[in-house]
Amino acid sequence: MHNNGISSLYELKDIKHKYGSHFCLDIPHLKIRRGSFTGLTGPNGSGKSTLMRILSFLEKPDSGSIYYKGILQYKGDTQAGNNTAMLIQEPYLLKRTVFENVAYGLKVRGIRENLNDTVCESLELVGLEPDKFGSRKWFELSGGEVKRVALASRLILKPEVLVLDEPLSNIDPMSISIIKEAIVNVSRRHGITLIISSHDPVWLNLICGDILRMYDGTIVGDGTENILTGPWFEDIDGLWSKELAGGEKIFAVKPPDKNSIAVLNPSEIIISLKRQKDISAQNMLKGRITNMVSLEKRDALKIDVEVQDMTFRCSLTQHAAGELNLIPGKKVWLIFKASSLQWQ
Amino acid sequence: MITLLIQALKERTLSISFAAIDRLVHHSIIPSMNINSYRTEEALKKLKKKMDYIFNGFIEAFKLLFSGDEETFSAIFATLKVSSASITVSLIIGLPCGFILGYYDFPGRKYLKTVTDTLLSLPTVVVGLFVYSFISKRGPLGSYNILFTITGIVAAQTVLILPIVISLTASAIEGLDRRLRLTLITLGARGKQILFSSLFEARYALLTAAVTAYGRAISEVGVSMMIGGNIKWHTRTITTAIALESGKGEFAAGIALGVVLLTIAFSVNFALSFLKKISNA
């Protein structure tokens, strides 16, 4: 027995797991609090889905240890997988009716009380009319409807952990708000720990307390950081640089490897309305504000600035943003030191 | 003319001359008279007799069936009893074995699958011989006294069709969507629930497997003959009866039983397509 305190539901240590043909998930340490909402972002192939399957106990990592509620998993029969439910990116429906699909999880748990009402309620949550859809067969649904039925069959279980891999992809725009609301409401109401990946960063930022940004199988930041990938080339003054598509250069100190990944904390970036002269910072990039998000819990704004083919995420207090009169579409200068880029 | 004949006899060419005359009559005179020759008539008579023979066979067959001929029905019931029992036993053993072979990855699985696939084409007489050696008085299972009994045939037929059930089940399970396993586990299914839900997902392929195996059981003759011994009123099945009746030249009884066998095969396949239809509707 290993106790890591009540607050952390998951604790992962030295997880290594091969996925795809040549990728390797490498997570030295990760804690996920009970009842928290954790978002996963990162490009395709960065290991989000693999990490999610490991957290759902659908895949055993090649090495490393997972503590769930302080109990080491995959050791003997201590399996807590029963209380996690995962929605995979392209869900599979059982070859039964919609009703039977949603009811399946409860049936295998031996719960038959109020089955009819519970299933109907669950279908309504994802915006499907029970009368119209309940008796439909698995092949009589559109791609988006399949996803919603699959989501309903997970929500109905009210598991301890709900793992949703891209729950909004492939869903028609009309239903997206219904689905978003259903996910958040059910999770909040039942104290479900939510682990979710999405290509909608604004929504993730809005609902998730923690965001994990993944790149090449590792967690490279909390999602607010800027990730700069190589290749890097030696430049003037002993600095190294990377060129953006439009020819702008980003300077950094000597990287450990030509293809190293650099992380730039948003708070290290200064936003200026004019080009600054006589300044020691080596990086000065001209960009355009594309997005501004206010965070519920913090007095901070997240500001996305597009510089050629790259988007930088900056953070500013509401007050400072007000003084600079920042609005989306405005042209600004981003200033940061070469040494602000931290090598991973 | 007479001198010619005598000369021909002397020269031993008489038969040739008669043949020449006969040919002449048939090829030129009879056609021109527009009547049937005795040759044609004889040929037609023979053909009619042959056709009547088969036709009467069918008539007799239906008479036998509709009059409820006890001997015929005894064979029909024996067949139904044996094949139903052997398919049931095969499904009970074969479905879980096929599931394990198709679902889990274990060392030697590939070889086991190859062996099972090979056993699909097991000759019935080899199974008969094999089982016979086990259950005959001198065999290891001789004390059970099941040689020349219905139980004996069921056991041997099970050996015959078990590879069909296992192999086709394994293929059906292998062919299931890879996401099914993740889905069942994440929805909370465990152990037996995964087994039954997976089999249910593959139900159409499994029905086909069962029908294929059943078809093999009702149509085989080698096992029933060797293990059952074709004992009248007891272990005589449709196929062994047909073999016996045709051996005796009693084609009517053989055809009657053949018709029944085809009807059973047709009904089973009809039931299968009906089942598929209602479960899809």
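Which element of chain A has the lowest confidence, and which has the highest? In this predicted model, the lowest mean pLDDT in chain A belongs to H7(A), at 79, and the highest to strand E7 (residues 161-165), at 95. Residues 1-5 of chain A have a pLDDT below 50, and this stretch makes nine contacts in the model beyond near neighbours in sequence. Where pLDDT is low, the predicted coordinates should not be read in detail. Over the whole of chain A the mean pLDDT is 86, with 94% of the residues at 70 or more.

Chain B has an average pLDDT of 87, and 94% of its residues score at least 70. Among the elements of this chain, helix H1 (residues 2-10) has the lowest mean, 66, whereas H7(B) has the highest, 95. For the complex, the predictor reports an ipTM of 0.73 and a pTM of 0.72.

Chain B is divided into two parts, domain 1 (1-67) and domain 2 (69-280). The centres of domain 1 and domain 2 of chain B, taken over C-alpha atoms, are separated by 52 Å. Contact between these domains of chain B involves 10 residues of domain 1 and 12 residues of domain 2.

The pockets of the model were examined next. The largest pocket has a volume of about 1,000 Å³ and a lining of 33 residues. Nearest its centre lie A:Arg53, B:Arg178, B:Arg179, B:Arg181 and B:Leu182. Chain A supplies at least two lining residues from each of strand E1 (8-19) and helix H1 (48-55); in chain B, helix H4 (70-103), helix H7 (150-174) and helix H8 (178-186) each do likewise. The element that gives the most to this lining is H8(B), with five residues. By class, the lining of the largest pocket comprises nine nonpolar, 11 polar and 13 charged residues.

The second largest pocket has a volume of about 550 Å³. It is lined by 26 residues, of which A:Thr41, A:Gly42, A:Pro43, A:Arg213 and A:Ile227 are the closest to its centre. At least two residues of this lining come from each of four elements of chain A: helix H7 (201-207), strand E9 (210-215), strand E11 (226-228) and strand E19 (310-317). H7(A) is also the element in which the confidence of chain A is lowest. The lining of the second largest pocket divides into 11 nonpolar, nine polar and six charged residues.

Two individual residues illustrate local surroundings. A:Phe23 is located in strand E2 (residues 23-33) of chain A. Neighbours within four places in sequence aside, A:Phe23 is in contact with A:His17, A:Lys18, A:Gly45 and A:Asp216. Although A:Phe23 and A:Gly217 are 194 residues apart in sequence, their C-alpha atoms are 6.9 Å apart in space.

In chain B, B:Thr124 forms part of helix H6 (residues 124-135). The relative accessible area of B:Thr124 is 17%, and B:Thr124 is therefore buried, since the cut-off for that class is under 20%. When its neighbours within four places in sequence are left aside, the contacts of B:Thr124 are with B:Leu160, B:Arg216, B:Glu220, B:Gly222 and B:Val223.

Key
Residues are numbered from 1 along each chain as its sequence is written. Chains are lettered from A and ligands numbered from 1 in the order in which they are written. This is a predicted model: local features need pLDDT of at least 70, side-chain atom pairs count only at pLDDT 80 or more; totals for chains, interfaces and linings use all residues. Side-chain values use heavy atoms; hydrogens and water are left out. On a 1 Å grid over the protein atoms alone, a cavity is a set of points where a 1.4 Å probe fits but cannot get out, and a pocket is an open set with protein on both sides within 12 Å along at least five of seven lines; lining residues have an atom within 4 Å of a point. Grid points are joined across faces, edges and corners, and a volume is the space filled by probe spheres set on the points. Ala, Val, Leu, Ile, Met, Phe, Trp, Tyr, Cys and Pro count as nonpolar, Asp, Glu, Lys and Arg as charged, and the others, Gly among them, as polar. pLDDT is the predictor's confidence in each residue, from 0 to 100. Buried means under 20% relative accessible area, exposed over 50%, partly exposed in between (1.4 Å probe, protein chains only). Contact means heavy atoms within 4.5 Å. Domain bounds come from an automatic or database domain assignment.
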